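The sequence and the structure come first.

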Amino acid sequence: MKTTRTLTAIAAITLSALALSGCAAAAPADTAGAPQSEQAAQPAQGFPRTVEIPAGRGGEAHSLTIEKEPQAIAALDYESAEVLAELGLADRLVLIPEAVLNPAIGGHVEELAEVPATFPVAMNLDTETVISAAPDLVVMSPRHGAESSIGAVLEQAGLPTLQLPDPWTGPSILVKNIDLIGQTTGTEDTAAALVATIEGGLAQGAAKVAGSDAKDAPRVLVLTNQAGRPFATAGDAFPLHLLNLAGAASVSDELGMETTGPISAEQIVEAKPDGIVLIDMNGTGDRMYAELLANPAVATVPAAADDKLMRVTGREVQAMGLDSTVGGLETLTDWVATLG
């Protein structure tokens, strides 16, 4: 993979992380049937334009004025990079997270491979890297609480910055963030079509009864390998929203886990889930899960049997998958139905 180009030092302030968290509508008549990523970015009209950004974890409600159509865009989180590429703006990106070039999570690998600069770990990204990429728009989402100060630094450097109000934790936030990116870049029509595709597809692929509303919903443990070891997905994570739509309940709640983090064999035995979802965030498949699942205690849990395991890629169940999450939900819903 590419590494960040050597850049002239302009600032030395460290940007705190913007790391991982965290199709049934018709296209416009002249592009019907074509994937969103194959459609050209819609001609932008109405610049300068002012976009109203609602309050959220990223700060208070505020207005963002974009003087002219953005031509050089820095995307500081995975989801924003994927949205911009899906809206037909891959050729305008000048800085992206390196991880979106991994097909386990990225849906526009070939297009984004042409982006001039990448960075390997968002929490190590500094303002020097961003400013030296010379963007005329920066897109970022809240991750670790430093977004207000980060945005101030970038704006002081004269960089228009779209600070999305909330991280990409659920379908409703996903569509809201897509809409804001569309408004800011002048691709609101393409964004609206993408939102309709996602909302319609998720509604169609969901179980008749959500897990939170079912008295006897199957209890499922969701594991992710994004940290180089098995982590239990917990809290307000996007895959758990899909799991609920699929008709299951997350056992991480029962274990008192509020955020995604390490899980022990003892906790899995205690939870006794009906099924286990294995999310591959880096293309390593089951490798990082092998030792945990082979633990003699875990092996006694019925959910550890191969027919109770569901293997999915990050693209299928994480927000950066965009409309790929529609197929991911359908897969989850069919699988959850076998656990009853």
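Which residues does Asn177 touch, not counting residues up to four places away in sequence? The model that answers this is a predicted one. In it, Asn177 touches Leu164, Pro165, Asp166 and Trp168. Asn177 belongs to helix α5, which covers residues 171-185. With a relative accessible area of 0%, Asn177 is buried, the cut-off being under 20%.

For the chain as a whole, the secondary structure amounts to 13 helices and 13 strands. Of the 340 residues in the protein chain, 54% are buried. The accessible surface is about 14,200 Å², and carbon and sulfur atoms account for 51% of that surface.

**The parallel sheet**

An open sheet is formed by five strands in the order β5-β4-β3-β6-β7, with parallel pairing. At its edges are β5 (117-119) and β7 (161-163), each of which pairs on one side only. On average, neighbouring strands of this sheet are turned by 15 degrees against each other, direction ignored.

Within the sheet, strand β3 (residues 73-75) runs parallel to β4 and is joined to β4 by two bridges. Ala74 stands opposite Leu95, a residue of β4. Strand β4 spans residues 93-97, and five of its five residues are buried, so β4 is largely enclosed by the rest of the structure. In a regular strand, side chains alternate between the two faces of the sheet. Helix α1 (residues 78-86) lies across β3, β4 and β6 (137-140). The direction of α1 is at about 140 degrees to β4.

**Helix packing**

Helix α6 (residues 188-205) packs with helix α13 (residues 324-337), their axes being 9 Å apart and the angle about 5 degrees. Angles under 35 degrees count as roughly parallel, and α6 and α13 are therefore roughly parallel to each other. The contact is made by the residues in the table.

| Helix | Residues in the contact |
|---|---|
| α6 | Thr197, Ile198, Gly201, Leu202, Gly205 |
| α13 | Thr325, Val326, Leu329, Glu330, Thr333 |

By type, the residues of the contact of α6 with α13 divide into four nonpolar, five polar and one charged.

Terms used: Residues numbered from 1 in each chain as written. Predicted model: local features only at pLDDT ≥ 70, side-chain atom pairs only at ≥ 80, totals over all residues. Heavy atoms only, no water. Helix = DSSP H or I, 4+ residues; strand = E, 2+ residues; numbered from the N terminus. Buried < 20%, exposed > 50% of the residue type's maximum accessible area, 1.4 Å probe, protein only. Areas by Shrake-Rupley, 256 points an atom, 1.4 Å probe, with all protein chains shown as cover. Axes fitted to C-alpha atoms, helices over the stretch in contact; angles between N-to-C directions. Parallel < 35°, antiparallel > 145°, perpendicular 65-115°, else oblique. Contact = heavy atoms within 4.5 Å. Nonpolar A, V, L, I, M, F, W, Y, C, P; charged D, E, K, R; others polar. Pairing = 2+ DSSP bridges.
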